[in-house]
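Work through the exercises below with the sequence and the model side by side. Each task is followed by a worked solution.

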Amino acid sequence: MWTKISATAVPAVERFDWFTDIISSSLMPTALSSERSADFQADAAVLDLGAAQVSSFEYSHVRSRRTPALIRRGDPEQYHLALLTRGRMWMSQCGSDAELFAGDMILWDTSHPFEADCHPGEGTLNALVVQLPRTALPLRSGRTDRLLGRRIAADSGMAAVLAGFLSSLAEHGSTCGPQELRRLGGVVTDLAAACLAQRLDSYGELPAQTRARVLRERIDAFIDHNLADPALTPGLIAAAHGISVRGLHLLFREEPESVAATVRRRRLERCRTDLARPELAGRPVHDIAARWGFANAPAFSRAFRAAYAIGPAEFRRAAAAAVRLSPTA
């Protein structure tokens, strides 16, 4: 689960010093300054995934510098890969510098000096940071260093898959058990490696096992993005990823459900969510079913009842009644 800390529990005059101590002790020794030190705001959370660690940060304006002296004081010898989700950021490392906005990513190495300036705009800056030991990435460090301090757009390719995975982890990571979190640590490491390898045009150098796991995550993302398409079949999924249907089924052989069952379950989950939304109360059940790829209304009703032991219309009435009875409705 996420381990959370907040500056709200600290007296206002001590918050910036508290945040500086947190960064230096939990990440690495860093010199910080801020235009908002008098009314500084900060929240942080850490999710330990074993092979990797993911941190969520939300804070006021901060400038940071990591000098050779600070590196000698303490160096975790890690790569940090950040996804900026709100605000803007400038960073410089190893002769490269970049301006980042929400949706961008950037890589830095704790063993090299850097400078950064984080501007939250209105409110606070938000970022998700993956912390990986340098030895965890199956890439030659000399090649990986070419990406330090450079903007990585997360709107397509493996960067988009990684960004989506991190956002989902931020939302659902607290519900995962220790064994699941360890597995997710391997997934994060593989996706980060694939994202960087794609930028370096060296994807083929990744171990076969890493490429297989990354392909599985790409397929998961593809399924989620195409659930509304009634033509989303194993054949379509396989063709979209350049593999045979047999190869697709082999990727799912250790999963608790088949490809088709995965698609059906996720469609039913989306339908169930929409049927419980008060703002969609006027939309017919069969329209909601069609919205998520169920072209046959009777077949949808049977599948819904089999999954949830209640018909879709009954479920909608029960959800509406629960909303009316809720004190916060």
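**Exercise 1.** What volume does the largest pocket have? Describe its lining by residue, element and class.

*Solution.* The model is predicted: local features need pLDDT of at least 70, side-chain atom pairs count only at pLDDT 80 or more, and totals for chains, interfaces and linings use all residues. Residues are numbered from 1 along each chain as its sequence is written, and side-chain values use heavy atoms, with hydrogens and water left out.

Step 1. On a 1 Å grid over the protein atoms alone, a pocket is an open set of points with protein on both sides within 12 Å along at least five of seven lines; a cavity is a set where a 1.4 Å probe fits but cannot get out; lining residues have an atom within 4 Å of a point. Points are joined across faces, edges and corners, and the volume is the space filled by probe spheres set on them.

Step 2. The largest pocket has a volume of about 1700 Å³.

Step 3. Its lining has 41 residues, and Phe165, Arg183, Glu217, Asp220 and Arg266 lie nearest the centre.

Step 4. At least two lining residues come from each of helix 4 (157-172), helix 5, helix 6 (208-225), helix 8 (245-251) and helix 9 (259-275). Helices (H or I, at least four residues) and strands (E, at least two) are DSSP runs, numbered from the N terminus.

Step 5. The class count is 14 nonpolar, 10 polar and 17 charged residues. Here Ala, Val, Leu, Ile, Met, Phe, Trp, Tyr, Cys and Pro are nonpolar, Asp, Glu, Lys and Arg charged, and the others, Gly among them, polar.

**Exercise 2.** How many residues of each class line the largest cavity?

*Solution.* Step 1. There is one cavity of 30 Å³ or more, and the volume of the largest cavity is about 290 Å³.

Step 2. Of its 19 lining residues, Leu27, Tyr59, Ser64, Trp108 and Cys118 lie nearest the centre.

Step 3. Strand 10 gives the most to this lining, with three residues.

Step 4. The lining of the largest cavity has 17 nonpolar, two polar and no charged residues.

**Exercise 3.** Which geometry does the aromatic pair of phenylalanine 19 and tyrosine 59 have?

*Solution.* Step 1. Rings of Phe, Tyr and Trp (its six-membered ring) pair if their centres lie within 6.5 Å; planes under 30 degrees apart are stacked, over 60 edge-to-face and the rest tilted. The whole structure has eight aromatic pairs.

Step 2. For phenylalanine 19 and tyrosine 59, the centres are 5.3 Å apart and the planes 45 degrees, which is tilted.

Step 3. The pair links helix 1 to strand 4, 40 residues apart in the chain.

Step 4. Both phenylalanine 19 and tyrosine 59 are buried (under 20% relative accessible area; exposed is over 50%, partly exposed in between; 1.4 Å probe, protein chains only).

**Exercise 4.** Where is aspartate 201 placed, and is it buried or exposed?

*Solution.* Step 1. Helix 5 (residues 178-199) has 22 residues and reaches 32 Å from its first C-alpha to its last, close to the 32 Å expected (1.5 Å times one less than its number of residues).

Step 2. Aspartate 201 follows helix 5, in the loop between helix 5 and helix 6.

Step 3. Although not a glycine, aspartate 201 has a positive phi of about 60 degrees.

Step 4. Aspartate 201 counts as exposed because its relative accessibility is 71%.
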